Amino acid sequence: MGVSGFAYISPSTKEETLTVLSEAGEKGRIVAGSTNVLPDIRARKIAGCILVDISHLRELKGIEIAGDTVTIGSLTTISELLQSAVIAKEAGVLWQACRCFADPLVRNRATIGGNIANASPAADGVVPLLALEATVNVESKARGKRAIPLDEFFTGPGKSVLEPGELITSVSFAKTSAMKSAFIKFGLRKAMAISLASIGMVVGFNGDTIARVSIALGALAPTPVRARETEKYLAGKKIDDEIIARASELIKTEVNPISDVRASRDYRQHLTGVLFRRAIEAALA
Amino acid sequence: MELNVIGKGLPKVDAWAKVKGKTVYADDFSLPGMLYAKVLRSKYPAARILSIDTSRAKQLPGVHAVLTAKDVPNNNLRAKFGQSTDVGAQFEGLYRVLAEEKVRFLGEPVALVAAESLQIAEEALDLIEVTYEPLPGVFDPVEALKPGAYPVGENESNVVSRFKIRKGDIDAGFAAADVIVENTYHVPFVDHAYLEPESGVAWLDEDGVINIRVSTQVIEHFRTVAEVLGLPQNRVRVIGTWLGGGFGGKEDITVESFLALLVWKTGRPVKLTYTREESLLAHSKRHPFLMKYKTGATKDGRIIALEAELIADAGAYTYLTPWVLLYATVNAAGPYDIPNVKVDSVAVLTNNPFTSANRGFGAIQPNVAYESQVDELARVLGMDPLTIRQKNCLRQGASLATGFTFDRYVALPEVAEKAWQALGPAKESQDKRIRIGRGLAIGMMSYGRLTFLHDSSRSYVKLELDGSAVIRCGVPDLGGGQAQALCQIVAEELGIPIEKIKIYISDTALTPLAGTTTATRQLYMSGNATLKAAREIKERLLTKASTMLNVRKAYLKIENEKIVSLVEPGNFVSLKDVIAQCSSEGIELFCEAQFNAPFTDIPASELITGQTHPDFTFGAYAVEVAVDLETGVVEVQKVVACYDVGKALNVLNVEGQLEGGAIYCLGYALMEELVVDQGRLKTPSFSEYLIPTAADVPDVETILVESGSGLGPYGAKGVGEPACNSIAPAILNAIRDAVGVRITSLPATPEKIVFAMQKKQ
């Protein structure tokens, strides 16, 4: 399959990239790991774009810690996250998600920024970041720097508030080393599976009472979503079987999944409760 | 007989080149000045073609040819689908190169383009203007059978074939039964999903012969290609490549006619390789079957009546549907000795993707049904899965419902027991959300083609003066070790190391035609032809050595490149010296031999009786699964395959076939389904069409029974296709055992299992 009808630009710095993106406007399409763009080109879902290849921009790679904040450069690959002791320690939910992300080949190419920009409701990199209450840092010539809370970032399947000319430079969140984490994905096979439903959970305890919990769900709504009602219900509660049972019913009312060729809405809704129970048990374990 | 090469586990002759990336697969090959072809495909599953305007496409710079049906000398053939002998009218069908008048399925080829680059060819496709009038179409074979249904073709009925089998008195059988189990089963469209999509390069040589270098299981399609072009058959040469998998998907013509037409039109070499998406959309699929089963048994577990009604979706064109349906019909009652049997089968055209050969070829669909039925009967009767099978399965001297009698060893009781026992002691899950279950299934599948096809194979063996050997045999090697087996036979018979044998395969101009690599036939057919040729040469060598050594021929053996006296091992002559002597005396050191399979008559009516296949391979699968009660996820934890392979010529290769067969239909059982909705494919890529990954595959334990009772060389049976039989029902039976629900439609997805469990509660 050829890649005809595309222009290709490979800027060498972030500044140059922003200039190119600004000039390309609506036609600009950022490519890094290409794990989403190339299948889309093959399927003719995109055409006539200017492909702006940022894959070699070193300044967008790497993981940094400043005080309590972890910042991940947008070009950091899923494999790099998985190999990072910092991520394993400070963002357990993200590290667990990276372990079940696609397969090793895709993990070596796919970037965290690309996973966010693609705006899939099922994105396995995004769900844990949502549970981490992450902020997406973007930059453009027109608007300068913007820090967008991840839960305000997505507007629908494949859609986000990212504007033409804007580049995701990094994503940042607070350390969660003092908290418990769990990420569970449900797919139809053990590797290279698009999530039918996924859950990321970060829980802070005060003794045996839940002090703070954030729960993110994937593939259960038009965008990855927080289960706010369930979080509210759980806050301040002492965990027991009855609380878990009630919360696992409540969380099913917070989702709005689709029926598609992979699974029905009913099954995805059913999975929501199961995933919740397993995630909280894993977090407590 | 002592064997030196046969029966060992040897690496394949083709293995290193493949591992190192040196094998030149179909798409790896290019020629100077080569053009690139693309196929324009129908956007509708059913529509009338009102007009095709190719003028804009032809004007695009770099485009050398744009062809439609009117450019094809013979666009509609009454085809025998690669078979060279007469098959009978009911086994022929329309082979249409490019769509004309009506399109019958979405993805049907409508026009061809050859251009200087793939990009230009793709652009040219966009410039071809086809005006369609969409037609209603029919997508459900049951609907397509009804009077007044939408006609998929022009003049022909939607019914492709009907067969039936009658044995005993079915009504009396059910009347005498103490328990009756009735279920309807459904198996879906699935794809072969080979690593290598359909591909080839063709060119016109200096003698005016069209050469087609292609990934195919059937080089004999050169005859069909010649007919399409209106050329003499000796003007088309097919050179088969090492295949990146076939599984029946390269049994029908894929790119050959398109390449030949474009080469003929342009005079330039042309390459055509389907994308994965094209392969999924537009090439053949496994037949979906709707299977209504009623099985009756007495209290003591004797199965006395079986009634089956099979409806197969043939998709939009005939292809090998009648043959597949015949296999399904013969296999419908399974490997059981049942006194009263009634089978009715029908295959129906629809506006779905066309269906044809796929590993298992009609045998594995009813296997899912009859082995589920036997399991349910066992449950009703309180019998264990092994006992009910051993009590009812075929044995030597018993007959199929067609009347065909097994005069050779039937290993079913043995393979069933060995597979089942190999699972070891049962254990409970430590996790309360997981239930462990076990399932057993047995099966039979033929090796060798339908006997009325009068199958034959030829092979040529030659000794060189330095003691090395050459084999020429038109056998396509799918990766299944077809070429390797022939080398081992020659090495064994002529006493030379396998490294000294060079095999040339799969070339209609240079290798004797060996027939198709389909129907699990090559070891049986070409193995026997090669054995015959090698033994003829061996006979000549021994005769000559006998005079040279002054030892009677019966007291000579040939091994390690020597001919040695059995009584006096110090008395020997080197093979090289015997060859030199033969050569100087004009004794032929080559032989081309032909092996013929048993011949029967073409079935005279829908009623199938007597022998239809040369022989069968018997096998059993036992599996253990862990089912998640909350999610319905099935983890296959153990798989045991036990097969009577007759004789394992190469143990490593046979084990590989069994492991591959297990995985092939593990996917069939649990995840694979081409979802086709109103003729439109909803699983157009490997993102939606799921096959098992390495992470999903359990260890497969293989147990080889070597009864020596096969019709192949050294008593071997064929195992390629039989290997994928029985694992799917074994998994379904294990799920039933684990969580108490019977899944009757494949694939057994987590969702189906969870909702079946909820419904049961």
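Reader: Which residues in H6(B) and H7(B) meet each other?

Author: Two residues are in contact if their C-beta atoms, placed from the backbone, lie within 7 Å. Helices are DSSP runs of H or I with at least four residues, strands are runs of E with at least two, and both are numbered from the N terminus. In this predicted model, Val225(B), Val228(B) and Leu229(B) of H6(B) meet Glu256(B), Ser257(B), Ala260(B), Leu261(B) and Trp264(B) of H7(B). The residues of this contact comprise six nonpolar, one polar and one charged. Here Ala, Val, Leu, Ile, Met, Phe, Trp, Tyr, Cys and Pro count as nonpolar, Asp, Glu, Lys and Arg as charged, and the others, Gly among them, as polar.

Reader: What conventions apply to the numbering and to the confidence of the model?

Author: Residues are numbered from 1 along each chain as its sequence is written, and chains are lettered from A and ligands numbered from 1 in the order in which they are written. As the model is predicted, local features need pLDDT of at least 70 and side-chain atom pairs count only at pLDDT 80 or more, while totals for chains, interfaces and linings use all residues.

Reader: At what angle do H6(B) and H7(B) pack?

Author: Axes are lines fitted to C-alpha atoms, for helices over the stretch in contact, and angles run from 0 to 180 degrees between N-to-C directions. Helix H6 (residues 222-229) of chain B packs against H7(B) at about 45 degrees, and their axes are 10 Å apart. H6(B) and H7(B) are therefore oblique to each other; angles under 35 degrees count as roughly parallel, over 145 as roughly antiparallel, 65 to 115 as roughly perpendicular and the rest as oblique.

Reader: How many residues of helix H7 of chain B are buried?

Author: A residue is buried if 20 or more other C-beta atoms lie within 10 Å of its own, exposed if 12 or fewer, and partly exposed in between, with C-beta atoms placed from the backbone. In helix H7 (residues 256-266) of chain B, nine of the eleven residues are buried, including Phe258(B), Leu259(B) and Leu262(B). Just after H7(B), Gly267(B) takes a positive phi of about 75 degrees.

Reader: Where in chain B is Ile753(B), and what does Ile753(B) touch?

Author: Ile753(B) lies in helix H18 (residues 750-760) of chain B. Ile753(B) is buried because 23 other C-beta atoms are within 10 Å. Leaving aside residues up to four places away in sequence, its contacts include Val627(B), Val634(B), Ile735(B) and Ala748(B).

Reader: Which backbone values deserve attention?

Author: Most residues other than glycine have a negative phi, and most peptide bonds are trans. The peptide bond from Leu746(B) to Pro747(B) is cis, with omega near -10 degrees, and Pro747(B) is in the loop between helix H17 (727-739) and H18 of chain B. Ala119(A) has a positive phi near 55 degrees, and its place is the loop between helix H7 (112-117) and helix H8 (126-131) of chain A. Asn550(B) also has a positive phi, near 60 degrees, in the loop between helix H14 (522-549) and strand S22 (556-559) of chain B.

Reader: Is Ala119(A) buried or exposed, and is Asn550(B) buried or exposed?

Author: Ala119(A) counts as buried because 22 C-beta neighbours are inside 10 Å. Asn550(B) counts as exposed, with 9 C-beta neighbours inside 10 Å.
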